[in-house]
Amino acid sequence: SVQMAKSKFEYVRNFETDDTCLRNCYIVVRLDGRNFHKFAETHDFAKPNDDRALGLMTRSARSVMEELDDIVIAYGQSDEFSFVFKRSSNWFKRRASKLMTHVASQFSSSYVFFWKDHFADRPLLYPPGFDGRVVLYPSNQNLRDYLSWRQADCHINNLYNTVFWRLVQKGGLSTVQAEDRLKGTLAADKNEILFSEFDINYNNEPLVHRKGTALVWEKADETTTKQVRVLNEEKEVTVTKSRKRVSAHHCDLIGSRSGRSTPTS
Ligand code: ATP
Ligand code: ATP
Ligand code: MG
Ligand code: MG
Ligand code: MG
Ligand code: MG
């Protein structure tokens with residue numbers, strides 16, 4: 001083999017630490033928007049749910065799945081998105097920092113790149129950032145519980161925010177009064193406030209707000225017609241190709257089959 005030219009500086013590479021993810025585990029990368037409370041204010045996000053912002057998050061996550069290898073499912077809500085790499089992935093030799101930074105930078109650049117498609121008349125005022133972390137889950141049950149945990153978080157926050165902003169926007173309460181009103185209330189109490197005071201059945205609120213967004217790979221047969229020349233004759237033939245594409249779903253990620261009850265407050 002060819003002798004690599006080595007400089008006397010080469011030894012500094014040995015200061016790099018090994019961050020290989022344990023084999024056979026699901027690798028989950030979760031991103032979260034940096035200081036998005038302020039970012040949402042600055043860019044006039046609708047409260048409690050801005051659908052343009054949710055659409056842009058999903059578009060960016062789609063780009064991550066399409067551009068990077070081995071991601072089998074992604075789940076997002078609010079300013080966060082989780083990406084699950086398949087257990088057998090050997091992408092970048094499972095180096096945590098490589099996986100995490102590729103996800104975070106692909107997501108961030110996509111968020112900026114696709115901004116104008118979602119916020120046509122609203123300029124992006126400063127460059128947003130996202131933090132990332134890596135978590136390993138050794139069993140299917142652990143991964144299911146992870147996804148259930150993020151979806152429960154979505155549910156709890158959305159129920160709270162839905163009542164909170166109703167009380168403020170339609171109920172004439174100040175934000176401080178609304179906060180006081182909701183202190184110590186359970187899910188049933190919040191549902192009751194929505195129903196009796198605002199004629200809202202929480203279960204009829206949009207699924208994308210209540211359940212978040214899951215992205216998975218879906219096989220789709222694509223049929224096209226093609227012109228071919230056979231024995232000097234133009235002929236039309238149909239060609240069917242099986243293609244993979246990312247599809248979005250707003251539903252319970254894990255059915256109650258797993259025997260765990262849904263959150264109550
Ligand atoms: P940190 O940097 O610690 O994550 P943060 O301000 O981003 O701080 P989060 O707990 O991540 O805090 O909360 C994200 C906030 O971003 C929400 O509370 C909400 O104010 C805002 N936000 C994110 N997505 C949307 C959306 N689609 N519509 C309206 N507001 C949103
Ligand atoms: P990897 O994803 O493994 O980093 P890479 O193609 O980015 O692959 P690098 O070793 O990082 O490989 O090399 C970066 C390459 O990008 C250079 O070899 C060069 O071809 C190109 N490049 C980067 N910056 C410039 C620049 N300012 N002008 C011209 N070419 C550049
Ligand atoms: Mg946070
Ligand atoms: Mg955040
Ligand atoms: Mg968040
Ligand atoms: Mg490079």
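User: What makes the residues that UniProt marks as "binding site", Asp32, Gly33, Arg34, Asn35, Phe36, His37, Ser78 and Asp79, one spot?

Analyst: The feature comes from an unreviewed UniProt entry; UniProt positions follow the numbering used here, feature names are shortened, and annotations may be inferred rather than shown by experiment. These residues span 48 residues in sequence, yet no two of their C-alpha atoms are more than 12.2 Å apart, so they gather at one spot. The model is predicted: local features need pLDDT of at least 70, side-chain atom pairs count only at pLDDT 80 or more, and totals for chains, interfaces and linings use all residues. Residues are numbered from 1 along each chain as its sequence is written, while chains are lettered from A and ligands numbered from 1 in the order in which they are written.

User: Which class applies to Asp32, and which to His37?

Analyst: Asp32 has 14 other C-beta atoms within 10 Å, so Asp32 is partly exposed. His37 has 10 C-beta neighbours inside 10 Å and therefore counts as exposed.

User: Where do Asp32 and His37 lie?

Analyst: Asp32 is in strand S1 (residues 26–33), and His37 is in helix H1. Helices (H or I, at least four residues) and strands (E, at least two) are DSSP runs, numbered from the N terminus.

User: What does Asp32 touch?

Analyst: Contact requires C-beta atoms, placed from the backbone, within 7 Å. Not counting residues up to four places away in sequence, Asp32 touches Asp79, Glu80, Phe130 and Asp131.

User: How many residues surround ligand 1?

Analyst: A residue is near a molecule if its C-beta atom, placed from the backbone, lies within 6 Å of it. Ligand 1 is surrounded by 15 residues, the closest being Phe36, His37, Ala40, Asp50 and Ala53. Elements giving two or more residues to this shell are S1, helix H1 (36–42) and helix H2 (51–67); H1 gives the most, with 3 residues.

Definitions and conventions. A residue is buried if 20 or more other C-beta atoms lie within 10 Å of its own, exposed if 12 or fewer, and partly exposed in between; C-beta atoms are placed from the backbone. Two residues are in contact if their C-beta atoms, placed from the backbone, lie within 7 Å.
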